[in-house]
Amino acid sequence: MKYIYVFIFLFISSYVFAFQNLESKSAKASFEVSGVCDMCKSRIENGAIKLKGVKYAKWDIPSNNLSIIYNSKKIKLDSIKKNIAELGHDTDKYKARLEVYESLPVCCNYKTNSPH
């Protein structure tokens, strides 16, 4: 009977340790991403989610704030910002290349359509 208790204790201990280790890899962040419409929202959120290690992405149109949850062991925040800028949307650290920005639909031209 003692062995069963020892086994259960070891099993629960290892489970708790593994769960805490998984949680420590998750990071939350929010930062500004320029955009103006629902097409921008879709592009920004889908582009972020497609990145390996990003688990959640929600972009708020009025505030231009992108909230993300990501695995810091798989991807760095700087890399997420750079990838979003490559989609044509300025971040707080990286600017979109002009040719990419100009290829966006007219409704997505945040430099001219921005209410801010």
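N71 sits in strand β3 of this predicted model. With a relative accessibility of 9%, N71 falls under the 20% cut-off and therefore counts as buried. Its side chain comes to 2.8 Å from the backbone nitrogen of K73. Beyond the neighbours within four places in sequence, N71 touches K25, G53 and K55.

| Residue | In contact with |
|---|---|
| N71 | K25, G53 and K55 |
| I68 | A27, K28, A29, F31, Y56, A57, L77 and I80 |

I68 also belongs to the largest nonpolar core, a set of 24 residues in which L66, I68, Y70 and I80 have the most contacts. At least two residues of this core come from each of β1 (26-32), α2 (38-49), β2 (54-60), β3 (65-71) and α3 (77-86). In soluble globular proteins, nonpolar side chains tend to be buried together.

Now for the chain as a whole. The protein chain has five helices and three strands, and their order along the sequence is α-β-α-β-β-α-α-α. It has 116 residues, of which 35% count as buried. Among contacts in the protein chain with a separation of 6 or more, 50% join residues 24 or more positions apart.

Conventions:
Residues numbered from 1 in each chain as written. Predicted model: local features only at pLDDT ≥ 70, side-chain atom pairs only at ≥ 80, totals over all residues. Heavy atoms only, no water. Core = buried A, V, L, I, M, F, W, Y, C linked by side-chain atoms within 4.5 Å. Buried < 20%, exposed > 50% of the residue type's maximum accessible area, 1.4 Å probe, protein only. Helix = DSSP H or I, 4+ residues; strand = E, 2+ residues; numbered from the N terminus. Contact = heavy atoms within 4.5 Å. Polar contact = N/O pair within 3.5 Å; in protein donor to acceptor, adjacent residues only side chain to side chain.
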